[in-house]
Amino acid sequence: MNVLLLYPRFPKSFWSFEKTLALLNRKAMLPPLGLITVAAILPQEWNFKLVDLNVREATEDEWNWAELVIMSAMIVQKDDLIAQIRECKRRGKRVAVGGPYPTALPEEAKGAGADYMILDEGEITLPMFVEAIARGDQSGVFRSGGEKPDVTGTPVPRFDLLQMDAYAEMSVQFSRGCPFQCEFCDIIVLYGRKPRTKAPEQILAELQYLYDLGWRRSIFMVDDNFIGNKRNVKLFLKQMQPWMVEHAFPFSFATEASVDLAQDQELMDMMVACNFGSVFLGIETPDESSLAMTQKFQNTRDPLSDAVKNIARSGLRVMAGFIIGFDGEKVGAGKRIVKFVEETTIPTALFSMLQALPDTALWHRLIKEGRLRGESTSGNQTALMNFVPTRPLEDIAHEFVEAFWELYEPKKFLSRTYRHFMLLSEANYPDKGKVAQKKIDLIALRAIAIIFWRQGCVRDTRWMFWRYLWGMYRHNRGGLSSYLSTCAQIEHFVEYREIVRREIEAQVVEFLQQDSTVKVEKKVAHPVA
């Protein structure tokens with residue numbers, strides 16, 4: 001069986017970083033970990049070719065070679081997934097789809113013409129699919145019936161299928177699931193509330209494979225909550241640390257975690273000792289009433305600002321997610337988020353309007369209350385809310401646009417970045433001993449030269465840039481590389497904040513026109529006596 005693994009395109013988004021990636025001659029931030037895991041689970045006598053459409057187009061030879069096309073997608077990729085399904089059918093190819101988006105809204109992919117729906121987690125449903133293929137079935141829907149697989153049996157992903165030099169970071173997964181019950185989150189819907197972890201030797205085998213393939217850069221641990229099972233995380237890190245020492249620290253790591261990481265100094269120290277350099281936190285909002293409304297109680301136990309600073313002072317650069325539009329939210333939420341981000345010095349703050357994701361507790365509550373505006377969402381920062389909020393949608397959209405614009409004003413971003421790295425300079429980093437020597441990277445040198453020119457000469461950040469660079473050299477010399485990489489992100493956000501403002505404002509105008517029309521129609525249909 002010749003299988004073409006096809007990964008749909010991402011639209012421009014907060015995380016797409018096109019301008020920043022172009023500096024380093026990379027095509028995409030992360031590889032399609034789901035698809036290369038699928039390739040490892042399927043029969044290894046099958047033949048596989050992988051095409052990530054974010055990196056390159058499929059060739060005619062690849063299309064002609066393929067007997068079956070398999071795709072996976074997140075909600076943000078839905079438009080291109082549907083387009084690729086239709087292209088497969090136009091070419092007469094059988095097509096199978098899976099992943100978070102088809103699992104959440106299977107009727108959309110099926111309606112576009114998908115032959116096989118491999119839903120839920122592949123360790124359970126892929127063997128069902130293989131059996132169906134062996135029987136000669138031309139279509140099928142494969143579901144786990146609520147069963148969650150034991151991921152200690154998941155094989156090492158087929159990293160060898162990737163065009164590795166196209167990616168800024170590599171991906172590895174340690175766990176699935178999260179113990180919390182945030183109302184808006186679909187992770188617990190997809191993967192459950194009991195975190196399931198791989199065995200330490202599994203992850204070390206994956207790291208060894210990447211090492212053998214020549215990877216020597218950053219790895220993103222894609223767990224939605226890396227510390228969901230703290231006991232198992234510590235067991236893993238305990239074994240990982242000597243492996244990193246033995247291999248001269250070939251990788252740096254980033255991951256996602258809940259804010260209660262700040263309460264466990266031992267865990268933070270272990271992460272830093274294993275060369276974890278950054279962590280993404282789901283902070284959402286500094287408004288405690290909104291956190292309680294959305295059942296994110298883990299963020300109300302300690303002052304959020306103290307938690308962020310404690311994590312940074314432990315040596316982990318903080319990235320964070322923020323949301324506007326919670327029920328009962330008071331006017332000025334956007335300004336309060338900006339104030340919090342500035343006070344805590346978080347450089348990279350993912351900011352979006354609340355979206356009701358399929359099958360979440362929020363989704364079901366809104367359906368019951370008759371407030372859901374549409375069954376789908378783009379999952380992007382340039383989309384209006386897909387439900388009726390408790391305060392005017394246009395007010396929320398205005399606050400969102402103004403806050404996003406302010407967060408990514410170049411001077412403010414540069415100031416936050418510098419102040420955050422000064423917090424990081426307070427960390428007691430362990431002695432890593434011998435570190436792998438890296439070759440002189442001409443592409444990286446070119447990127448640094450461009451950053452120096454744009455931020456240190458062309459823009460009005462010029463005086464701040466050189467002053468902060470000198471401050472970094474004096475106080476946090478070891479963090480210079482990471483600091484400049486973070487500074488480079490503004491090359492994306494300078495353009496992206498323009499896109500956010502333009503697209504959101506256009507949608508607000510359209511929304512108000514439609515809302516006005518509906519009100520007129522209702523008045524005509526039901527005139528006041």
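Leaving aside its neighbours within four places in sequence, with which residues is Leu-237 in contact? They are Phe-226, Leu-267, Met-270, Met-271, Cys-274 and Phe-276, where contact means heavy atoms within 4.5 Å.

The model is predicted: local features need pLDDT of at least 70, side-chain atom pairs count only at pLDDT 80 or more, and totals for chains, interfaces and linings use all residues. Residues are numbered from 1 along each chain as its sequence is written, and side-chain values use heavy atoms, with hydrogens and water left out.

Leu-237 and Phe-129 touch the most other members of the largest nonpolar core, which has 121 residues. Such a core is a set of buried Ala, Val, Leu, Ile, Met, Phe, Trp, Tyr and Cys residues joined through side-chain atoms within 4.5 Å. Buried means under 20% relative accessible area, exposed over 50%, and partly exposed in between (1.4 Å probe, protein chains only).

The whole structure holds 36 salt bridges, each a side-chain nitrogen of Lys or Arg within 4 Å of a carboxyl oxygen of Asp or Glu. Three of them are listed here.

| Pair | Closest N and O atoms |
|---|---|
| Asp-260 and Lys-230 | 3.7 Å |
| Glu-426 and Arg-313 | 2.9 Å |
| Arg-454 and Glu-491 | 3.1 Å |

Asp-260 is buried at 9% relative accessibility, whereas Lys-230 is partly exposed at 24%. Glu-491 is buried, with a relative accessible area of 6%, and Arg-454 is partly exposed at 33%. Both Glu-426, at 45%, and Arg-313, at 38%, are partly exposed. A network of salt bridges links Glu-183, Asp-327, Arg-365, Glu-369 and Arg-371.
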